[in-house]
Amino acid sequence: MRFTNRSMVRAALVLAAAGTIGAFGACKEDTVTNPPPPPPPPPPTLAAPTGLTATPMSQTRVDLAWTDNATTETGYKVERCSGAGCTTFAQIGANLAANAATYVDSVGLAASTQYTYRVSAFDATTSSAFATATATTTGVTTVPGFTMVGAGEISTCNSDAGPKATAALVDNILKNDTSAIAFTVGNNLADMTAGTTFQSCFVGKGWDAFRSRTWYAIGTGDFGSDRGPDGVYGYLGDRTGPAHKGWFSFDKGSWHIVFLNTSDWEHGAATTFGVTDGDPATPGVQEIQVPSEQAEWLATDLAANTKPCIAVISWERRFYTTSLGEQGKNFNMVRMAGTMKQYGVDLLISAKDKLYARFAPADVRSASPDPTGFRQFIVGTGGRSFDNPGGPATPALREAQIVDSWGVLKLTMKDNSYDWEFVNATPGGPTDSGSATCH
């Protein structure tokens, strides 16, 4: 084929145009735009605690524990909601430190209530998943009752039938109730004959058979004419509290039990009772308090008590029946009786008179009936001998009296109340029983 000059020019123009378009097209297609950078990786997830346990410790306390799995946490938060199936949580307490693995919840809890807890780790920007556990606080505790049984004015060297009869009553109760305890109310051995000892005149009368289960109060007669403190503490040992003191207390169930040493043989009356009479012309009228380790100990002991019911055992009594049948008030006991009333003592068990009597709660100074006062028992019926106060009158406070009978006082100490029974050593003999609540 022959190409003319005009054809060749036209072809060159076509080729030039195609090259130009191709060049532009290649430039457009070959240019690369850089993609945006990828987003930063998310922060590492805080490992959640695991193994959360919620253990009810009481009516008002739940202990929490968990496994700390986080390594970069700032701390932990504990949240709580109350009621079965609850869903509304609120944080309790302050934020816990890093690596915490326990928490004690003891604020705002109620007895017999279900609580749900959840715990999470946290840092400056995030929180972990929760670990969850549920606990139910304990219910109101009902303490089983226990028995106390005893008497005072128990023996002399010559007495035999009476102490053995009352010892048999106590021994039978203790054998049938392994939680029961025995007590005495002073003048365990009241014999003034020179040379008498507990070993020669008390052992063998039956009361020594359960000595390890007996707590002893002391009376003036226990010291005899020459037994002295060594004779008393040498036999009774720690069952009457610290030697040369003789006062002590302990808790059992819902009760605080106090023993006093109201013998004045060792320390003298004023120091024993913490009070003296400032009006010689009218004995027992003008009270003057004097230093007394025992009286001051009693106030401190009762102030620290946390039990709802209190019983005090003391040979000396505040109230009694005079030989004329009138209401008697023992002046020596006015200070300690006032302390007892102040701190809500429920029972005073005494034994100086050799009979059984029960006096209604009363104001300790005026002897007028007062339900906030303590009920008083006299149980000087351990077997030594008998008293029988006569007279035409009957004290208004005296609710019961049994004379010419040996026997023991059996007390059933309950959660917030007590039962009493005078158990007569003579079958079919007079008895006394009843129940009352604590203050």
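**View 1. Aromatic pairs in a predicted model.** The count of aromatic pairs comes to 16, where rings of Phe, Tyr and Trp (its six-membered ring) pair if their centres lie within 6.5 Å. This is a predicted model, with local features needing pLDDT of at least 70 and side-chain atom pairs counting only at pLDDT 80 or more, while totals for chains, interfaces and linings use all residues. Residues are numbered from 1 along each chain as its sequence is written, and side-chain values use heavy atoms, leaving out hydrogens and water.

**View 2. Phe 248 against Phe 259.** Here the ring centres are 4.7 Å apart and the planes meet at 10 degrees, so Phe 248 and Phe 259 are stacked (planes under 30 degrees apart). The pair ties together distant parts of the chain: Phe 248 belongs to strand E12 (residues 248-252) and Phe 259 to strand E13 (residues 255-259), eleven residues apart. Strands (E) are DSSP runs of at least two residues, numbered from the N terminus.

**View 3. Phe 259 with Phe 250.** Phe 259 also makes a stacked pair with Phe 250, at 6.3 Å centre to centre and 25 degrees between the planes. Buried or exposed, what is Phe 259? With 0% relative accessibility, Phe 259 counts as buried, and so does Phe 250 at 18%; buried means under 20% relative accessible area, with a 1.4 Å probe and protein chains only.

**View 4. Lysines over rings.** The charged end of Lys 77 sits over the ring of Phe 122, 5.2 Å from its centre. Lys 252 lies over the face of Phe 146, 5.3 Å from the ring centre. To qualify, NZ of Lys must be within 6 Å of the ring centre and within 35 degrees of the ring normal.

Key: Rings of Phe, Tyr and Trp (its six-membered ring) pair if their centres lie within 6.5 Å; planes under 30 degrees apart count as stacked, over 60 as edge-to-face and the rest as tilted. Helices (H or I, at least four residues) and strands (E, at least two) are DSSP runs, numbered from the N terminus. Buried means under 20% relative accessible area, exposed over 50%, partly exposed in between (1.4 Å probe, protein chains only).
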